[in-house]
Amino acid sequence: QVQLAESGGGLVQAGGSLRLSCAASGRTFSSYVMGWFRQAPGREREFVARISWTGLYTYYAESVKGRFTISRDGAKNTAYLQMNNLKPEDTAVYYCAARLDFKTEYDYWGQGTQVTVSS
């Protein structure tokens, strides 16, 4: 089992920045692909970014490419999502998730953290 806990959400003005953290506990953090997803009110959950278990490979949704950066720190068992130049349309609950490399579905999810971007 892997337990995930997000933090770092909040209210920010458009153009501002936030850094989300996802602290992992349980099984070996370094074995898992880490992903960030978000869900806005009335909308389906959508993929935001992911990082390989090695940390060498990252992948982003087009809507956040160039503005968001995903990273991980194995020593701290933590994944991060640095969000810059935030837009009102980035407003959502952000979730981190973990899966083993050979899987396509994420097995473990955090409880989510609210990000609100005001115009």
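# Questions on a predicted model

Visitor: How many disulfides does the count come to?

Guide: This is a predicted model, and the sulfur atoms of Cys-22 and Cys-96 are joined in a disulfide at an S to S distance of 2.0 Å. By the rule applied, which asks for cysteine sulfur atoms within 2.5 Å, the count comes to 1 disulfide.

Visitor: Which strands hold the two cysteines, and how many residues apart are they?

Guide: The disulfide joins Cys-22 to Cys-96, and the pair links distant parts of the chain. Cys-22 belongs to strand S3 and Cys-96 to strand S9, and the two stand 74 residues apart.

Visitor: Is the disulfide of Cys-22 and Cys-96 right-handed or left-handed, and are Cys-22 and Cys-96 buried or exposed?

Guide: Cys-22 has a relative accessibility of 0%, and Cys-96 likewise comes to 0%. Since buried means under 20% relative accessible area, Cys-22 counts as buried, and Cys-96 counts as buried too. The torsion about the S-S bond is about 60°, so the disulfide is right-handed.

Visitor: What is the order of the strands in the open sheet of 4 strands, and which are its edge strands?

Guide: The open sheet has antiparallel pairing and runs in the order S1-S3-S8-S7. A strand at the edge pairs on one side only, and this holds for strand S1 (2-7) and strand S7 (68-73). Neighbouring strands of this sheet are turned against each other by 15° on average, direction ignored. In short, the order is S1-S3-S8-S7, and the edge strands are S1 and S7.

Visitor: Over how many bridges do S7 and S8 pair, and which residue in S8 stands opposite Phe-68?

Guide: Strand S8, residues 78-83, pairs with S7 in the antiparallel sense, and the pairing extends over 6 bridges. The residue in S8 that stands opposite Phe-68 is Met-83.

Visitor: How many residues does the largest nonpolar core have, and which have the most contacts inside it?

Guide: The elements that give two or more residues to this core are S1, strand S3 (18-26), strand S4 (32-39), strand S5 (46-51), S7, S8, S9 and strand S11 (113-118). The core has 31 residues, and those with the most contacts inside it are Leu-4, Met-34, Trp-36, Leu-81, Met-83 and Tyr-94.

Visitor: Which residues are linked in a network of salt bridges?

Guide: By the rule used, the count comes to 5 salt bridges, among them the one in which the side chains of Arg-38 and Glu-46 meet at 2.6 Å, N to O. Another is formed by Asp-90 with Arg-67, whose closest N and O atoms are 2.7 Å apart; this pair links distant parts of the chain, with Asp-90 in the loop between S8 and strand S9 (92-100) and Arg-67 in the loop between strand S6 (58-60) and S7. The residues linked in the network are Arg-38, Glu-46, Arg-67 and Asp-90.

Visitor: Are Arg-38, Glu-46, and the pair Asp-90 and Arg-67 buried or exposed?

Guide: Arg-38 has a relative accessible area of 6% and is therefore buried, while both Asp-90 and Arg-67 are buried as well. Glu-46, at 28% relative accessibility, counts as partly exposed.

Visitor: What is the N to O distance in the salt bridge of Glu-62 and Lys-65, and is Glu-62 buried or exposed?

Guide: The side chains of Glu-62 and Lys-65 meet in a salt bridge at 2.7 Å, N to O. Lys-65 counts as partly exposed at 44% relative accessibility. With a relative accessible area of 62%, Glu-62 is exposed.

Visitor: How many aromatic pairs are there, and what is the angle between the planes of Tyr-32 and Tyr-108?

Guide: The count comes to 6 aromatic pairs. Tyr-32 and Tyr-108 form one of them, edge-to-face, with 6.0 Å centre to centre and 75° between the planes. Tyr-32 lies in strand S4 and Tyr-108 in strand S10 (residues 108-109), so the pair ties together parts that are 76 residues apart in sequence. Both residues, Tyr-32 and Tyr-108, are buried, and the angle between their planes is 75°.

Visitor: Which residues do ring pairs link into a cluster?

Guide: Phe-37 and Phe-47 form an edge-to-face aromatic pair, 5.7 Å centre to centre and 75° between the planes. Phe-37 lies in strand S4 and Phe-47 in strand S5, so the pair ties together parts that are 10 residues apart in sequence. Phe-37 counts as buried at 11% relative accessibility, whereas Phe-47 is partly exposed, with a relative accessible area of 23%. The cluster linked by ring pairs consists of Phe-37, Phe-47, Tyr-59, Tyr-106 and Trp-109.

Key
Residues numbered from 1 in each chain as written. Predicted model: local features only at pLDDT ≥ 70, side-chain atom pairs only at ≥ 80, totals over all residues. Heavy atoms only, no water. Pairing = 2+ DSSP bridges. Axes fitted to C-alpha atoms, helices over the stretch in contact; angles between N-to-C directions. Salt bridge = Lys/Arg side-chain N within 4 Å of Asp/Glu carboxyl O. Buried < 20%, exposed > 50% of the residue type's maximum accessible area, 1.4 Å probe, protein only. Core = buried A, V, L, I, M, F, W, Y, C linked by side-chain atoms within 4.5 Å. Phe/Tyr/Trp six-rings, centres within 6.5 Å; stacked < 30°, edge-to-face > 60°.
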